[in-house]
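Here's a quick briefing to read with the model open.

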Amino acid sequence: MVDFKKVLKSAERGVMNLLEILKEDPIYGGRLRNLKSKEMGYERRKFHHIIELGRKTYRLYYQNKITDPELLYLCKKLRVIDHQSKIHHGTERRTKKRE
């Protein structure tokens, strides 16, 4: 199972490493820029695919096609957060209408 926190931390580490390289040695950093740019591009693509995987999994959850206990747990947590978000979003709209 994909750990989103690890993916985000990995991407953040990559960006921070690139900034450190550029600060310490601009010439060396310039040479590595293309390699680092490609690496970060792959990380971004991987992150977008992980998000799409999550969306499709969440759709399958609503179709009762998820049987894995860990995925069920995560989907249920997301459902609660989604419900709370909709409540607050509705409150915001109602408040704006009153003003």
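Predicted model: local features only at pLDDT ≥ 70, side-chain atom pairs only at ≥ 80, totals over all residues.

Residues are numbered from 1 along each chain as its sequence is written, and side-chain values use heavy atoms, leaving out hydrogens and water.

**Positive patch**
- On the surface, Lys5, Lys9, Arg13 and Lys77 gather into a patch of positive charge (patch residues have over 30% relative accessible area and no salt bridge, with like charges joined within 9 Å and nonpolar side chains within 5 Å; a salt bridge puts a Lys or Arg side-chain nitrogen within 4 Å of an Asp or Glu carboxyl oxygen).
- Helix α1 (residues 4-24) supplies the largest share, three residues (helices are DSSP runs of H or I, at least four residues).
- Lys5 lies in helix α1 and is exposed at 64% relative accessible area (exposed is over 50%, buried under 20%, partly exposed in between; areas use the Shrake-Rupley method with a 1.4 Å probe).

**Nonpolar patch**
- Val15, Met16 and Leu19 make up a nonpolar surface patch, with about 250 Å² of accessible area together.
- Leu19, in helix α1, is partly exposed, with a relative accessible area of 44%.

**A buried threonine**
- Thr57 sits in helix α2 (residues 26-62) and is buried, at 15% relative accessible area.
- Leaving aside residues up to four places away in sequence, Thr57 touches Ile66, Leu71 and Cys75 (contact means heavy atoms within 4.5 Å).

Notes:
Lys, Arg positive; Asp, Glu negative; His and termini not counted. Charge placed at Lys NZ, Arg CZ, Asp CG, Glu CD. Helix = DSSP H or I, 4+ residues; strand = E, 2+ residues; numbered from the N terminus. Buried < 20%, exposed > 50% of the residue type's maximum accessible area, 1.4 Å probe, protein only.
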